[in-house]
Amino acid sequence: MSALEALRAAGAAGIKLVLDGDDLVLTAAKAPPDTVLSELSRHKPEIVSLLRPGRDDWSGADWLAFFDERAGIVEYDGGLQRAAAEARAFECCVVEWLDRNPVRSSPDCCLHCGGSESAIDPLLPYGTTDHAWLHSRCWEAWHANRNAQAVAFLSPILRAA
Ligand SMILES: [Zn+2]
């Protein structure tokens, strides 16, 4: 069983896991199965790091829950095969990560190329709440980098799931 599987098994067994510093605190309404407890203890360091919230306030466990929920919705309501549903769910996580990790930059220069604004090449604000200022020709490359960042962050958490 991987750390992620142990985390899922704990959830399925009704165990609530909370971090207390570097310790895991378990609560459950009824006695959890021994196999789940031993897997949790075997993977404790990984599980602790999965439960620790990141810069955007979401922990690995939060991403996993979001991913599972999306994959379930797409699989059962959308009628897709599991692999396709997981691919779609991963895309949803990328979009969510981009929303939760907005970039704000100065309107004085392009965040991608560092160049300034000109009459034929204005800087435009991208993003909903925080704005990244970019030349329109720079947006595509900048956005591809941001996507790659999201994938690099999420892949180790979700690909093993
Ligand atoms: Zn630019």
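## Residue S38

S38 is exposed, with 12 other C-beta atoms within 10 Å. S38 sits in helix 2. Between S38 and F153 there are 115 residues in sequence and 28 Å in space, C-alpha to C-alpha.

This is a predicted model, in which local features need pLDDT of at least 70 and side-chain atom pairs count only at pLDDT 80 or more, while totals for chains, interfaces and linings use all residues. Residues are numbered from 1 along each chain as its sequence is written.

## Helix 1

Helices (H or I, at least four residues) and strands (E, at least two) are DSSP runs, numbered from the N terminus. In helix 1, the buried residues are A3, L4, A6, L7 and A10. Seen down the axis of helix 1, these residues fall within an arc of 160°, so they line one face of the helix. The arc is that of the directions from the helix axis to the C-beta atoms.

The partners of these buried residues are strand 1 (15-20), helix 2 (34-42), helix 3 and helix 4. Contact here means that the C-beta atoms of two residues, placed from the backbone, lie within 7 Å. After helix 1 comes G14, with a positive phi near 80°.

## Two domains

The domain assignment gives domain 1 (1-52) and domain 2 (54-161); such bounds come from an automatic or database assignment. The C-alpha centres of domain 1 and domain 2 are 29 Å apart. Six residues from domain 1 and six residues from domain 2 make up the contact.

On the side of domain 1 that touches domain 2, helix 1 (3-12) and helix 3 (44-51) each supply at least two residues. The residues of that side are four nonpolar, one polar and one charged. Ala, Val, Leu, Ile, Met, Phe, Trp, Tyr, Cys and Pro count as nonpolar, Asp, Glu, Lys and Arg as charged, and the others, Gly among them, as polar.

## Helices 4 and 6

The axes of helix 4 (residues 60-76) and helix 6 (residues 136-158) come within 10 Å and cross at roughly 80°. Axes are lines fitted to C-alpha atoms, for helices over the stretch in contact, and angles run from 0 to 180 degrees between N-to-C directions. Helix 4 and helix 6 are therefore roughly perpendicular to each other, a term for angles of 65 to 115 degrees; under 35 counts as roughly parallel, over 145 as roughly antiparallel and the rest as oblique.

From helix 4, G60, W63, L64 and F67 meet L154, I157 and L158 of helix 6. The residues of this contact are six nonpolar, one polar and no charged.

Conventions
Buried ≥ 20, exposed ≤ 12 C-beta atoms within 10 Å, placed from the backbone.
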